Amino acid sequence: MAGSFSYTLNSLFAAQLDARSAEIADAFFKGNPLFEWVNTVRQSQLGSERFWLPVEFTDNSTVTMIGKGGTVDLSDSDPITTARYNKLTMAGNVTSFRQEAAENKGKGQVFRLIDAKIDNLIATMKAEFETQLTANSLVSGNLNPLSTLVESTAEASQTTTVGGIDRTTNTWWRNSSKDMTDRATATFIVDDFQDAWAEVFKEGQGNPDVIILDLQTFLDYENYSLDQKQFVNTMIGDFSFTTLMYKGIPLIPITHTNFTTVPNRRAYFLSSPTIKLAYDPSLWFEWTDWKEPDNQPMDKVKQVVAMSNLCTSNPRRNHVLFDIGTTS
């Protein structure tokens, strides 16, 4: 006896999801420079209750010069501690309604319907991820936003606990920053970019390699940098795009409203090796079996989960210009 169309539709859904499973995870990071950059800092961590990142908080005290017959102190020197981050899960549904099953009985129509639903799910999850990444403060249960990892507060006033390490007492866990309130953008933007670059460079481990900023500040820099202005076709991951450069560092403009509202305009000067999107590969865009919702006969739901969190291993190698105004 031939299987019901509902069964066939479910099989086609499952087959298409399996066929596109790797593409779904990859497609999540495609299409714009911000997501391509996030993909370059993605790091898998399997097992454990949380994500763990090693943190250097001081120098090795045993390093010294010795002459002939000299000795090196054998006492313990442990300059490493560990930051710990909660594992958080983003989830979404793909639903097969009985009405759709009745209206899309051709195999070609079925595949178009499946692809449309998958593409819509990816786009929606990307939008939510960007909302959380650019949030002005941490929302309980959400991923750490950039504003938590690299705090938009005067360094001396930073008291947030990040990765289980309290910035109140651990001053080495604070990032540098600059309040741009009342600083005329037309007059100071080039100087402030220079100061921000120097704050990262003076930490002694290289300069920032990406600048993530709101679109208006991007345009302000374009308008006021004059002879320093340079547009270059650059690569981030596998993505090529044309953007402004500062000292060879690409500027990635963000249009999300979290970044564009005054006084929340910001420019992050980031060292990518210190920022991680930690994820659990065992639960990275993994799909559940089909489920039938209560009291919805013949409707089917398949769910996807992605477990991750945004983390930092060294806030001091990052800097933020915050509360950038429109003062000319």
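Biologist: Which residue forms a salt bridge with D192?

Modeller: In this predicted model, D192 pairs with R183, and the closest N and O atoms of the two are 3.0 Å apart.

Biologist: What does D195 form a salt bridge with?

Modeller: D195 forms one with K178, where the closest N and O atoms lie 3.2 Å apart. That pair links distant parts of the chain, since D195 sits in helix 7 (residues 185-201) and K178 in strand 7 (residues 176-179), 17 residues apart. Both ends are partly exposed, D195 with a relative accessible area of 37% and K178 at 21% relative accessibility.

Biologist: What about K202, which residue is its salt-bridge partner?

Modeller: The partner of K202 is E199, with 3.2 Å between the closest N and O atoms; K202 counts as exposed at 55% relative accessibility, whereas E199 is partly exposed at 25%.

Biologist: Which residues do shared partners join into one network?

Modeller: Salt bridges that share partners join K178, R183, D192 and D195 into one network.

Biologist: Changing topic, how many salt bridges and how many helices and strands are there overall?

Modeller: A search of the whole structure finds 10 salt bridges, and the protein has nine helices and 15 strands.

Biologist: And what share of the residues is buried?

Modeller: Of the 328 residues, 45% count as buried, and the accessible surface comes to about 16200 Å², with 50% of that belonging to carbon and sulfur atoms.

Technical notes:
Residues numbered from 1 in each chain as written. Predicted model: local features only at pLDDT ≥ 70, side-chain atom pairs only at ≥ 80, totals over all residues. Heavy atoms only, no water. Helix = DSSP H or I, 4+ residues; strand = E, 2+ residues; numbered from the N terminus. Buried < 20%, exposed > 50% of the residue type's maximum accessible area, 1.4 Å probe, protein only. Areas by Shrake-Rupley, 256 points an atom, 1.4 Å probe, with all protein chains shown as cover. Salt bridge = Lys/Arg side-chain N within 4 Å of Asp/Glu carboxyl O.
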